[in-house]
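Please read them with the structure open.

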Amino acid sequence: MPLPPLNGRRRAVIEDVLPQIDSGRHSFCRVSGDEVTVTAAIFADGKDELAARLLYRHSDDRRWSFEPMQATGNDLWTGSFRVEKLGCWRFTLLAWIDHFATWADELKKRIAAQNDPTTSEAALKSEAGLNVGSKSGEQDIPLALRSGGELIQAAAKRAHGSDAKRLREIAERFEKLASEKRPNYDNPCDEELMRLMGKYPDLANATRYEDELPVWTNRVRARFSSWYELFPRSASPIPGQHGTFRDVESQLPEISDMGFDIVYLPPIHPIGRSFRKGPNNSAKAPQDAPGSPWAIGDRAAVTNAPLGAQAAGDHGGHKSIHPQLGTFADFDSLVGAARSRSIEIALDIAFQCSPDHPWVTEHPEWFSKRPDGSIQYAENPPKKYQDIYPLNFESPDWRALWEELYSVFEFWVHRGVKVFRVDNPHTKALPFWEWCLSTLRTNYPDVIFLAEAFTRPHVMYALAKRGFTQSYTYFTWRNSKSELETYMTELTQPPVSEFYQPNFWPNTPDILHKTLQEGGRPAFMHRLILAATLSSSYGIYGPAYELAENAPAKPPNGKTESEEYLNSEKYEIRQRSRNAPDSLVPLISSLNRIRHANRALQSNTSLHFHSIDNPQLICYSKSTEDFDNTILVVVNLDSFNPQSGWTTLDLDRIGCSGAGSFLVEDLLNGAQYTWGERNYVALRPGVQPAHIFRVSRIQ
């Protein structure tokens, strides 16, 4: 039987390498500056010593860098490397039998066996692996020294410069020691020798892990961000007048003062006229109805538009600006003004078309057709959306469709947009997203993509694996203590936490949950606090949130409840002041200041829930790795009644293990308390709905 085509001298085995997603099919994610910690099971037959390296490189680098791995017990090893550069990194592992370390360990035992008169010669020699029947055990050490000298000479040939010279000198010293007859020997393996031998190992028979595993590195804002959504057409200070980009620019100081770093605009393109929706999603629209911004495309809209409202070759589609919002010069001014305040403008990318979109006539093959030849509009029976045509990702002309959609992203990237909220990505083909986002991230590694995907978990996670940086979540529908704890545990633990970055939104233009409808302003307060402290990225739709707007639309088709807003801004212009009496602006501003001042709140992996004996109270903490910053939060989930209870803290998780007491400062009101393991809490909805404590050890 022929031997297999492998190097049978490679004895090291590498298994269970983590982290990795789907056997390396997809990247796990980190942000710039993170340390990537890798673990693996590394072992071999027998008792020989092993050594291992963690190899890593950025996709732009030709050569691999490496760090030594450390054994942690029971054949488990760990190593780490830091990712400073944006983009794709790869890593793999190398392991080998360390013959010199094995020899050095045995020599140490031989010397101990010969030099310790209190231990029986036979027992020590047996432990050292010596021949018990030898008449001259002392001769084993000179032989061992010669064996070590040979290993050192071999390393000298692999070394270079002064290191090679020094290794040759040490090998000669070993040979000299071996030729001397001594009653006792000192261990010649000093720190210098061990360092040099570790620097030039014999890798001829090393085992290399079969895969190169990918890790994608984002910028910090991919993990930590505060989003504010507004409709530009509602931004005018003049009642009834259509807002513009210039009006949005004038609101940037207020938004900046609230502490937001991303301003998200719904689609800014021309809006179709065919089957335009009226107020409250009515099928018949008044002549002056502005329509839904998500019904994208109007060939006629740009005919008399201000100069510079459309891109070359785009006649009222995804590369054009709604004429009433302004021109590209106005848009560029908005992007620049936002950047000067450390704010980014995020655009909504909605890959769907109104019947008036230029693609409908230029590329009818990109849409599904009904038997009568008409194009199929969007439906969710019994709902009909005649103002929207979905794209057909099974079109025979799918390649041209993919390229055009990619070009939409690239067009806006070239105009300075680096953040995109993508509408309903789960209704578009996953292979498209994998290709499109991979190409975009390779060319523009600082771009951030937020998936608006309220769908099944496997699909949401599949979108994240294919390149979406962040995702909307089920947070809106997780309201009880048990729901929040279970869901957050899922999101903040591997494997999900390795690739999925949640973004918590207590409301959106599409979603007004009954918790807000029924709980009013107190519910808006505690849901805001939960979103801002449970997740390192969160957002609100304003000014509806600041003003605690909670009137739902009338339920259609006999339904008992609706999550749509009454007089929804999706279908009409709504002008209001976010600084009206009883506005939540002060609370929002305070929360964002707390988030920016405390690094513990800028990631999710340290989240830990603590015991509290009242189901209407939830208690959790976040900490930096060194506990330099620890935040402890207690929230009243009841919008109507005061709640009190006793919390029992896991002191290890807040860096206070062994401390009898410690200080906590409430960052919402400045109050300070001395706490211990068990503490009493009382919170009132609408008045003091939560504590956000910064923990300090008592010196």
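1. Thr624 sits in the loop that runs between strand E23 (617-623) and strand E24 (630-636). Helices (H or I, at least four residues) and strands (E, at least two) are DSSP runs, numbered from the N terminus. The model is a predicted one, in which local features need pLDDT of at least 70 and side-chain atom pairs count only at pLDDT 80 or more, while totals for chains, interfaces and linings use all residues. Residues are numbered from 1 along each chain as its sequence is written, and side-chain values use heavy atoms, with hydrogens and water left out.

2. Is Thr624 buried or exposed? Its relative accessible area is 10%, so Thr624 is buried (under 20% relative accessible area; exposed is over 50%, partly exposed in between; 1.4 Å probe, protein chains only).

3. The side chain of Thr624 has a polar contact of 3.0 Å with the side chain of Asp626, and reaches the backbone nitrogen of Asp628 at 3.1 Å. A polar contact is a pair of N or O atoms within 3.5 Å; within protein, one must be able to donate a hydrogen and the other to accept it, and residues adjacent in sequence count only if both atoms are side-chain atoms. Neighbours within four places in sequence aside, Thr624 is in contact (heavy atoms within 4.5 Å) with Arg599, Ala600 and Asn629.

4. Which residues of helix H11 (residues 457-465) are buried? They are Val459, Met460, Tyr461, Ala462, Leu463 and Ala464. The buried residues of H11 pack against helix H10 (430-443), strand E20 (470-471) and helix H12 (481-492). After H11 comes Gly467, with a positive phi near 130°.

5. Helix H3 (residues 140-158) packs with helix H4 (residues 161-179) at an angle of about 165°, the axes being 8 Å apart. Axes are lines fitted to C-alpha atoms, for helices over the stretch in contact, and angles run from 0 to 180 degrees between N-to-C directions. H3 and H4 are therefore roughly antiparallel (angles over 145 degrees; under 35 is roughly parallel, 65 to 115 roughly perpendicular and the rest oblique). On the H3 side the contact includes Leu145 and Ile152, and on the H4 side Leu167 and Phe174 are among the residues involved.

6. For the whole protein chain, there are 14 helices and 29 strands. The C-alpha trace spans about 110 × 65 × 45 Å along its principal axes. Of the chain's 699 residues, 54% count as buried. Among contacts with a separation of 6 or more, 74% come from residues 24 or more positions apart.
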